[in-house]
Structures are given as structure tokens and as C-alpha cells.
Amino acid sequence: MFQGQYVFSQIAELIPRHEFDKCVKRYNGNIRVRNLSCRDQLLALMFGQLTNLRSLRGIVLCLNAHANLLYHLGFKSKHFTLSTVSRANENRDWKIYHDLAQTLITKARKLYLNDNDFAIDIDGAVYALDSTIIDLCLATFRWAYFELGKSAVKIHTQLDLRGNIPSFFLITKAKTHDINFLDILEFEAGAIYIMDRGYFDFERLFKIHSAKAYFVIRAKKSIS
């Protein structure tokens, strides 16, 4: 009989429970919850991601097929239903998991601070700003309609080049222009921001200068 700890439960333990509980309490995530706590919801979605399951139905079927192992995997729930997981995803405050992600990013940045080939001797942080578009199913995500009969979202990312870890990211509709990302960033004094010409805007670049930070950007031909 297996006496060790399952790999999934070892991964789940890397998420600090007290930090997650603070996020849940901050947004009343477990208020009036009887069947599926926020932590079990998170673990279920993690399980689906790590096992490459492509639907909530697949996640529920797979978890229930291993009902005798759920406790050892870290779950408190003994049984899952599709309707319960679906309602949790629809109604739980997304800010719970946003705040948790920011907490984990902060920890990861410290761990990977010098884990790359960035050898430039600069005192301040160095960030790269960029975005990417992810296609979605139009039938499911009609609110994210993009073009040519498809839906999509855009992920705007601020990447810390000293550890190649995103320090901040934002998900918007795909039609949102990259330049709007600069409006919500809090610029660090002494930091350097590297951007493509899609972020070129004098007013926004002046905000970086006013924050006593620096920027490197490709100029548009129209300013020559």
C-alpha cells in the first residue's frame, strides 16, 4: 500500500494556506458556502490543468472516479457535481484568485531573482512590456468577440527580466490597445521599462519620467 504523499498534494502545499485564506476572507468567498469551499474549487481547477482535462465535466468525472483518494490529495469535499463547480466559477469573486496570483508572483520573483543570464550591472529593476492575444470559442465567449467570427482576449504583461517572472499582468478584450496598459501600471523609481512602438505616447511616457523611472522604446517613423 502506498504510504507516501501524492505529487498533487505536494504541489498544493506550495500554495500558502494562510495567504489564500486571507484572500478568501477579504472577499467573503466562503460566506453561505456549504458544498464547495474556495480552496476545493482552486484545487479542482488545478487538477484539471495539470491533468490536461478540457472541460468541467471531465474534471468532475475524474475526481469522482478517485473519490477514495480525494482527502489524500488535499480536498475536503467527498463528491463533486458539475452544477456546483459551474456555479462556483460563475459566482465566486475573481479577485480572490487575482490576489493569490499576485502573492505567488511576489514569492516567485524572489526565488528566481538571479536565475537567468541577465548580466547588466543596473541597480534598479528592468521590465519588458508586451501583450499577446489568445483565441477563444465564439459560442462560449460571445462577450469577447474580436473579429472574423472569433472571440479572443489579450494578456498584457510586465516581465521582470532579472528572473523572467511576470510581475504584473492584465487580461482585457482583444481589441484593447496596448497603450492602455500604461494607464494602470505603478512605475517604480529607478526602474527601466522596455517597450515596443505600440506603447508610444508622449503623455504616458512623461508619466514614466515623472515617476523618476526610465524607458527604452522604438520610435515611430512619423516623429522623424
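The legends below describe close-up views of a predicted model.

Residues are numbered from 1 along each chain as its sequence is written. In this predicted model local features need pLDDT of at least 70 and side-chain atom pairs count only at pLDDT 80 or more, while totals for chains, interfaces and linings use all residues; side-chain values use heavy atoms, with hydrogens and water left out.

**View 1. Domain 1 and domain 2 in the domain assignment.**
The assignment gives domain 1 as residues 7-96 and domain 2 as residues 114-217; such bounds come from an automatic or database domain assignment. The centres of domain 1 and domain 2, taken over C-alpha atoms, are separated by 30 Å. An unreviewed UniProt entry carries the annotation "domain: DUF4372" for residues 4-76. UniProt positions are given in the numbering used here, feature names are shortened, and annotations may be inferred rather than shown by experiment. Over residues 4-76 the chain is 59% helix and 0% strand, with its end C-alpha atoms 19 Å apart. Helices (H or I, at least four residues) and strands (E, at least two) are DSSP runs, numbered from the N terminus.

**View 2. Helix α3 (residues 38-50) and its surroundings.**
The 13 residues of α3 reach 18 Å from first C-alpha to last, close to the 18 Å expected at 1.5 Å a residue. The expected span of a helix is 1.5 Å times one less than its number of residues. Because 10 of its 13 residues are buried, α3 is largely enclosed by the rest of the structure. Buried means under 20% relative accessible area, exposed over 50%, and partly exposed in between (1.4 Å probe, protein chains only). Among the buried residues of α3 are C38, R39, D40, L42, M46 and F47. The buried residues of α3 pack against α1 (7-12), α2 (17-26), α4 (56-65), α6 (82-91) and α7 (95-111).

**View 3. The largest nonpolar core.**
A nonpolar core is a set of buried Ala, Val, Leu, Ile, Met, Phe, Trp, Tyr and Cys residues joined through side-chain atoms within 4.5 Å. The largest one has 24 residues, and F8, F20, L63, F75 and F80 have the most contacts inside it. At least two residues of this core come from each of α1, α2, α3, α4, α5 (70-73), α6 and α7. Helix α3 gives the most, with 6 residues. Leaving aside neighbours within four places in sequence, F8 is in contact with L43, M46, F47, L50, L73 and F75; contact means heavy atoms within 4.5 Å. A second, separate core has 17 residues, including L182, Y199, A213 and I217.

**View 4. Helix α7 and what covers it.**
The 17 residues of α7 should span 24 Å at 1.5 Å a residue, and its end C-alpha atoms are 24 Å apart, which agrees. Residues I96, D99, L100, Q102, T103 and I105 of α7 are buried. The cover over the buried residues of α7 includes α2, α3 and β4.

**View 5. Strand β3 (residues 150-160) and its pairing strands.**
Strand β3 is mostly covered, with 8 of its 11 residues buried. Two strands pair if DSSP finds at least two bridges between them. Strand β1 (residues 126-136) runs antiparallel to β3 and is joined to it by 10 bridges; Y127 has D160 in β3 as its bridge partner. Strand β2 (residues 145-147) is also antiparallel to β3, with 2 bridges, and the bridge partner of Y145 in β3 is S151. Between β3 and strand β4 (residues 165-173) there are 8 bridges, again antiparallel, and K154 stands opposite T172 in β4. In a regular strand the side chains alternate between the two faces of the sheet.

L148, in the loop between β2 and β3, has a positive phi of about 55° although it is not a glycine. L148 is exposed, with a relative accessible area of 77%. N52 lies in the loop between α3 and α4. Phi of N52 is near 60°, a positive value in a residue other than glycine, and N52 is exposed, with a relative accessible area of 53%.
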